[in-house]
Amino acid sequence: MHIVLLFIGRFPKWNIFPEFYKNAHFLAKLLYVVVFGCFSTIVCVCFFISLNRYIATTNPLTYKRFFSKKNILKMIISILLLSSLIGLGKVFFNPCMVPRDIGGYFAVVRSKTVAYYDLSYTFLIYLPLFLLSLYFNFSTIYYLKKMNKKKKVLQKNKTLYLYGFAYIIVFNILIAYHTIVIVAEFSQNINISNLLIMINIYATDSMTIGLFYFMIFIR
């Protein structure tokens, strides 16, 4: 996604090869497919990680049954299919390259109906996954807190305990970001919408790279 944002997001804004990007509306479509497809992938992965930690902590005897190689493969395929469908749905709202006042171009979706599309899959998919993830994470934290009363396991569970809180915070950031995207689409402010597309990478990286370095820091 970093490469796509660089060549389709930043190069046209920097007015690099302006004649090429002027009518390269297919690149705008590709940008939206990749950005929102990757974001959906992160949301789905967050859910399955929450489920993974919940089962491993509260009911470890069933862990191998739920997360067998066969089931993990099914999860990966379902994530890829769902994310691809959400990303490809953006194509039908005609993303295009539009000129900037200060030179260069950026990709936007001019159709206001795209906000209703985003709102629909947010309520049907993102919101249930988000609420279930919160339940799994809080349940895991509560269970670890009970175990932490025993001094022997206090140090062992401290990292998982802190990670659970960090995970909840970052997941809330992702959902808050997506909510702002929908509001911007309803307002049809193309400058804000494009800015949000550009910072999408930071929102998704907070869940991957951010939590990775957080784990290193607290260990």
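1. Over residues 72-93 the chain is 82% helix and 0% strand, with the end C-alpha atoms 33 Å apart. Helices (H or I, at least four residues) and strands (E, at least two) are DSSP runs, numbered from the N terminus. Residues are numbered from 1 along each chain as its sequence is written. This is a predicted model: local features need pLDDT of at least 70, side-chain atom pairs count only at pLDDT 80 or more, and totals for chains, interfaces and linings use all residues.

2. The unreviewed UniProt entry lists 72-93 as "transmembrane region", along with 30-51, 123-144, 160-183 and 195-218. Such annotations may be inferred rather than shown by experiment. Residues 30-51 are 100% helix and 0% strand; their end C-alpha atoms lie 31 Å apart.

3. The axes of H5 (residues 69-89) and H6 (residues 113-147) come within 11 Å and cross at roughly 165°. Axes are lines fitted to C-alpha atoms, for helices over the stretch in contact, and angles run from 0 to 180 degrees between N-to-C directions. H5 is therefore roughly antiparallel to H6 (angles over 145 degrees).

4. On the H5 side, the contact (heavy atoms within 4.5 Å) is made by Leu 82, Leu 85, Ile 86 and Gly 89. H6 supplies Tyr 117, Tyr 121, Ile 125 and Tyr 126. By class, that is seven nonpolar, one polar and no charged residues; Gly counts as polar, Tyr as nonpolar.

5. The structure holds one salt bridge (a side-chain nitrogen of Lys or Arg within 4 Å of a carboxyl oxygen of Asp or Glu). Lys 90 pairs with Asp 118, the closest N and O atoms being 2.7 Å apart. Lys 90 lies in the loop between H5 and strand E1 (95-99) and Asp 118 in H6, so the pair ties together parts 28 residues apart in sequence.

Terms used
Side-chain values use heavy atoms; hydrogens and water are left out. Angles under 35 degrees count as roughly parallel, over 145 as roughly antiparallel, 65 to 115 as roughly perpendicular and the rest as oblique.
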